[in-house]
Amino acid sequence: MTKTTLLEQRAKAFDYLFDAVVVTDMQGTITDWNKGAERLYGYPREEVLGQPVNILHVPEDREKITEEVISAVGEFGKWSGEIRMLHKNGQVGWIESMCVPIYDDDNNMIGALGVNRDITDRVNETRRLQHLAHYDQLTSIPNRYLLLDRITHLIAQSQRTNSKFALLYIDLDNFKTINDTKGHVIGDQLLQEAALRLTRSVRHSDTLARIGGDEFALILENLSSQHDISKMAESLINALKPPFILDNEEFTISCSIGIAIYPDSGTTTTELISASDTAMYKAKHLGRGTYRF
């Protein structure tokens, strides 16, 4: 087999590869790529040659990725990872990438070769499953599992920083009656609207979760005083006071709130939930639509 024939076969194999292959020089300029790269990124070969490789990355990742890849390839002989990619049409996806160095006849590094595979569908499916596991499907706010996880992390953090946080247990008053008499469709709409109002009443740094049928919980971080907790509880109660208009019918509900403070009310997740739950029932017995520590 002649050298010319061998080179031609290598060129065909290069283009027949399903994965995207991107070749760059030491300055990060694209010097070659295959049909797989055209399919993945949307640029024809003649349009992309001579362009900086960072046009394939989202703007906020460009400097970090280029520097990281060149450094790793030069020091360890390869780099691999999962990064975001930017298609010619502006769409953002994810790729699994591996880069290796290219040497000249004198064993000097003259560039890098990257093999990239589209994993956008896999990443999106993983995120979807994570969302299902951690967020309530009716209201789209965190669920009990995510709430417990954040309390556990916050306890550890508060121990290190000697700080406090509060857990508010929120139970909707009269919801069961409405749900039983008007049906689950109205009940679900009421829960969605209630969750929306509560969400609008809390700070971005706080965590509101749905932990049961008509039960919610709120973690308040960075507390300065008990007065701040009381103000938040009153804000939540006031948020639910205006009537809910559902299916051209007016409904009125309130909420009872029980409050536990770490570490005063407990030092474990179980103790804090139990303390806030007990305080919530005290609020209910006092006439509902109020809060208790």
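Visitor: What makes β4 and β5 a hairpin, and which residue in the turn has a positive phi?

Guide: First, this is a predicted model, where local features need pLDDT of at least 70, side-chain atom pairs count only at pLDDT 80 or more, and totals for chains, interfaces and linings use all residues. Residues are numbered from 1 along each chain as its sequence is written, and side-chain values use heavy atoms, leaving out hydrogens and water. Now, β4 and β5 form a hairpin with five residues between them, and Asn107 in the turn has a positive phi of about 65°. Strands are DSSP runs of E of at least two residues, while helices are runs of H or I of at least four, all numbered from the N terminus.

Visitor: How do you know that β4 and β5 pair?

Guide: Two strands pair if DSSP finds at least two bridges between them. Nine bridges join β4 (residues 92-103) to β5, and the two run antiparallel, so they pass the definition. One spot to look at is Tyr103, which stands opposite Met109 in β5. On β1 (residues 20-25), six bridges go to β5 (residues 109-118), again antiparallel, with Val21 partnered by Val115.

Visitor: Why is Asn222 called exposed?

Guide: Exposed means over 50% relative accessible area, buried means under 20%, and partly exposed is in between (1.4 Å probe, protein chains only). Asn222 has 60%, so it counts as exposed. Asn222 sits in the loop between β8 and α9 and has a positive phi of about 55°, although it is not a glycine.

Visitor: What makes Asp247 exposed?

Guide: Its relative accessible area is 63%, so Asp247 is exposed too. You'll find Asp247 in the loop between β9 and β10 (249-251), with a positive phi of about 55°. Most residues other than glycine have a negative phi.

Visitor: Which residues have the most contacts inside the largest nonpolar core?

Guide: They are Leu168, Leu172, Phe216, Leu218, Leu236 and Ile257, in a core of 33 residues. The name means a set of buried Ala, Val, Leu, Ile, Met, Phe, Trp, Tyr and Cys residues joined through side-chain atoms within 4.5 Å. The largest share, six residues, comes from α8. Apart from this core lies another, of 21 residues, including Trp33 and Tyr41.

Visitor: What is Phe216 in contact with, beyond its neighbours within four places in sequence?

Guide: Contact means heavy atoms within 4.5 Å. Among the partners of Phe216 are Ile141, Leu168, Leu191 and Arg210.
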